[in-house]
Amino acid sequence: MFCYQCEQTAKGGCTKAGVCGKADSTATLQDLLLHLTKGLSQVAIAARKEGVTDARVNRFVAEAVFSTLTNVNFDDARFVTLIKECVALREALKARVPGAAFDGPAVIQPAADLDGLVAQGRQYGVENDPETDPDLRSLKHTLTYGLKGVAAYVDHAAILGQEDEKVHASLQELLVATLSTDLTLAQCVEAALECGRVNIRAMELLDAANTTTYGHPEPTEVRLGATRGKAILVSGHDLKDLATLLRQTEGKGINVYTHGEMLPCTAYPELKKYKHLAGHYGTAWQNQKKEFAEFPGAILMTTNCIQKPTTYLENIFTTGLVGWPGAVHVPNGDFTPVIEKALSMDGFPADTDKGTVMTGFARNAVMSVADTVIGAVKSGDIRHFFLVGGCDGAKPGRNYYTEFVEKAPKDTVILTLACGKFRFFDKKLGDIGGIPRLLDVGQCNDAYSAVQIALALAKAFDCGVNDLPLSLVLSWYEQKAVAILLSLLALGIRDIRLGPSLPAFITPNVLSYLVENYNIAPISTPDEDLKAILG
Ligand code: FSO
Ligand code: SF4
């Protein structure tokens with residue numbers, strides 16, 4: 001195996017096993033599935049030209065690619081099933097365009113068993129990319145990882161019924177573009193920016209999916225303590241799974257808690273209406289081994305980021321695209337096994353009080369107080385906005401973000417999103433004329449909302465986003481962050497600070513390009529960066 005797609009990668013890439021816990025066989029099956037998905041996309045593109053589209057093919061491409069994103073699925077058996085389905089869909093679609101001719105991954109026949117598939121997959125890893133130019137390779141791998149992020153957003157939105165044929169078409173075309181060895185540097189850059197643009201549309205669909213189904217998030221105070229009694233913990237990012245579970249647990253004497261990126265779900269009117277949505281438990285994904293082991297109830301993992309379960313293997317359930325070998329998978333939205341497990345466990349013996357945090361400052365909530373915000377900027381009460389957001393992770397260097405927020409002057413406002421916020425989410429930073437200094441916009445999946453807030457402020461001040469008193473200080477871990485970064489670049493946003501380390505798949509020349517054209521900078525120290533930003 002060779003994998004360097006996430007921030008946690010071993011020096012020089014993960015080669016024997018993933019730092020994330022991904023086995024060599026799993027990584028190799030993922031490489032094969034991704035390659036075959038490009039073959040399915042080739043056929044889908046040819047079919048589209050003939051006026052043939054297939055809704056299941058569109059969904060499958062997004063699901064298969066999302067399955068290869070960091071910390072989603074570690075179960076080889078599930079990848080074997082996905083590989084077989086990919087080829088079956090491909091052949092069925094081919095039969096609908098009998099005149100078309102195919103090559104490459106559109107004609108590969110999969111081996112019969114797991115060992116054979118792993119042997120086959122070895123040919124299609126990133127280390128065997130036929131592209132020989134290191135900078136083109138770097139850009140194409142950036143594109144591939146960005147597309148994994150796009151696939152995640154497409155899948156999330158589709159689960160709630162929001163799809164756009166154009167987005168499916170672009171995702172498939174860009175996947176096929178990664179196969180080409182004829183692209184110039186300019187074409188690779190353009191493909192990466194196109195990935196960013198498609199991602200904005202995918203995130204827009206997801207925003208529409210979430211807000212039309214569950215209402216616009218409202219500023220909400222969330223309890224961090226526990227309530228005595230039986231308990232289920234929901235982690236990942238999927239709103240529909242949480243809604244379904246809340247419905248299925250109503251009246252059963254079970255309290256449901258959010259974990260990690262599920263925290264902002266507590267702010268949606270159609271989710272917060274459930275009285276047994278009792279609060280938030282724990283922090284970011286990389287702390288789950290400790291936090292899940294101490295949780296006295298069942299745990300449901302709806303999307304990334306799952307880690308190897310320890311003592312709690314029999315209490316943790318996966319759903320959707322998530323998989324861990326040995327953990328019970330609930331494929332169909334019937335969470336009875338999770339509920340039965342929770343009822344069989346002790347639950348919390350007593351109420352505990354750990355204070356509260358605020359969430360729910362998505363675009364609607366922030367823009368409803370736009371006049372106050374704009375007035376505070378004009379009067380000088382608010383000097384600057386920082387968007388301190390992105391993924392959390394286990395590697396050292398991430399204390400930068402805690403310190404940055406702590407040291408940000410009192411006349412500045414911090415917007416945040418994604419799991420990186422757990423480094424400072426419970427800090428009491430006060431307010432500026434009634435505007436809280438710490439505003440949780442939502443999940444990483446709500447980056448669209450943050451972009452809309454920035455665009456609305458730019459419109460109000462009649463300037464470009466780059467001219468606003470706003471600085472982006474981002475942390476990254478997995479591939480959704482790559483997609484979001486490409487979206488920000490596609491919007492022309494400059495001066496982004498990125499950490500804790502730069503992607504291993506970015507070559508020095510590609511980095512120079514990003515610095516020259518977008519003034520991207522790696523984070524340094526909170527003091528130096530604050531000084532540079534605020535002058
Ligand atoms: Fe975090 Fe994991 Fe949401 Fe990522 S939970 S690291 S950007 O997968 O998805 O923020
Ligand atoms: Fe390594 Fe990250 Fe790939 Fe896991 S996802 S194998 S940690 S680079």
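Hi everyone, let me start with a single residue. Asn71 is buried, with 24 other C-beta atoms within 10 Å. Where does Asn71 lie? You'll find Asn71 in the loop that runs between α2 (55-67) and α3 (76-94). Before I go on, please keep in mind that this is a predicted model.

There is a second residue with a positive phi to show you. Asp462 is not a glycine either, and its phi is about 55°. Asp462 sits in the loop between α15 (447-460) and β14 (470-475). Is Asp462 buried or exposed? Asp462 counts as exposed, with 7 C-beta neighbours inside 10 Å. So for Asn71 we have a buried residue, and for Asp462 an exposed one.

Let's zoom out to the chain. How many helices and strands are there? The chain has 18 helices and 16 strands. Its radius of gyration is 23 Å, close to the 24 Å that the globule rule gives for 535 residues, so the chain is as compact as a globular protein of that length. Buried residues account for 53% of the 535 residues. And if you take the contacts between residues at least 6 apart in sequence, 77% of them join residues at least 24 apart.

Now the domains. The chain is divided into domain 1 (1-128), domain 2 (220-344) and domain 3 (363-534). Between domain 1 and domain 2, the C-alpha centres are 29 Å apart. Where those two touch, 12 residues come from domain 1 and 11 residues from domain 2. Which element gives the most on the domain 1 side? That is α2, with 3 residues. The domain 1 side of this contact is made up of 4 nonpolar, 5 polar and 3 charged residues.

Cys305 is joined to Asn304 by a cis peptide bond, with omega at about 10°. Cys305 belongs to the loop between β5 (298-301) and β6 (316-319). Another cis peptide bond joins Gly499 and Pro500, and there omega is about 0°. Pro500 is in the loop between β15 (497-499) and α17 (508-518).

Ligand 2 has 13 residues around it, and Cys3, Cys6, Cys14, Gly18 and Cys20 come nearest. Its shell divides into 7 nonpolar, 5 polar and 1 charged.

Last topic: strands. Strands of a sheet pair through backbone hydrogen bonds, either parallel or antiparallel. Here, 6 strands form an open sheet with parallel pairing, in the order β13-β10-β9-β14-β15-β16. Which strands stand at the edges? They are β13 (438-442) and β16 (521-522), each with a single partner strand, so one side of each has no neighbour in the sheet. At the β16 end, 2 bridges join β15 to β16, and the two run parallel. There, Arg497 stands opposite Ala521 in β16.

Finally, have a look at β2. All of its residues, 6 of the 6 in 230-235, are buried, so β2 is largely enclosed by the rest of the structure. In a regular strand the side chains alternate between the two faces of the sheet. For β2, one side has Lys230, Ile232 and Val234, the other has Ala231, Leu233 and Ser235, and both faces are covered. Its parallel neighbour is β3 (residues 254-258), joined to β2 by 5 bridges. In β3, Asn255 is the bridge partner of Ala231.

Conventions. Residues are numbered from 1 along each chain as its sequence is written. Chains are lettered from A and ligands numbered from 1 in the order in which they are written. This is a predicted model: local features need pLDDT of at least 70, side-chain atom pairs count only at pLDDT 80 or more; totals for chains, interfaces and linings use all residues. Helices (H or I, at least four residues) and strands (E, at least two) are DSSP runs, numbered from the N terminus. The radius of gyration is taken over C-alpha atoms; the globule rule is 2.2 Å times the number of residues to the power 0.38. A residue is buried if 20 or more other C-beta atoms lie within 10 Å of its own, exposed if 12 or fewer, and partly exposed in between; C-beta atoms are placed from the backbone. Two residues are in contact if their C-beta atoms, placed from the backbone, lie within 7 Å. A residue is near a molecule or strand if its C-beta atom, placed from the backbone, lies within 6 Å of it. Ala, Val, Leu, Ile, Met, Phe, Trp, Tyr, Cys and Pro count as nonpolar, Asp, Glu, Lys and Arg as charged, and the others, Gly among them, as polar. Domain bounds come from an automatic or database domain assignment. Two strands pair if DSSP finds at least two bridges between them.
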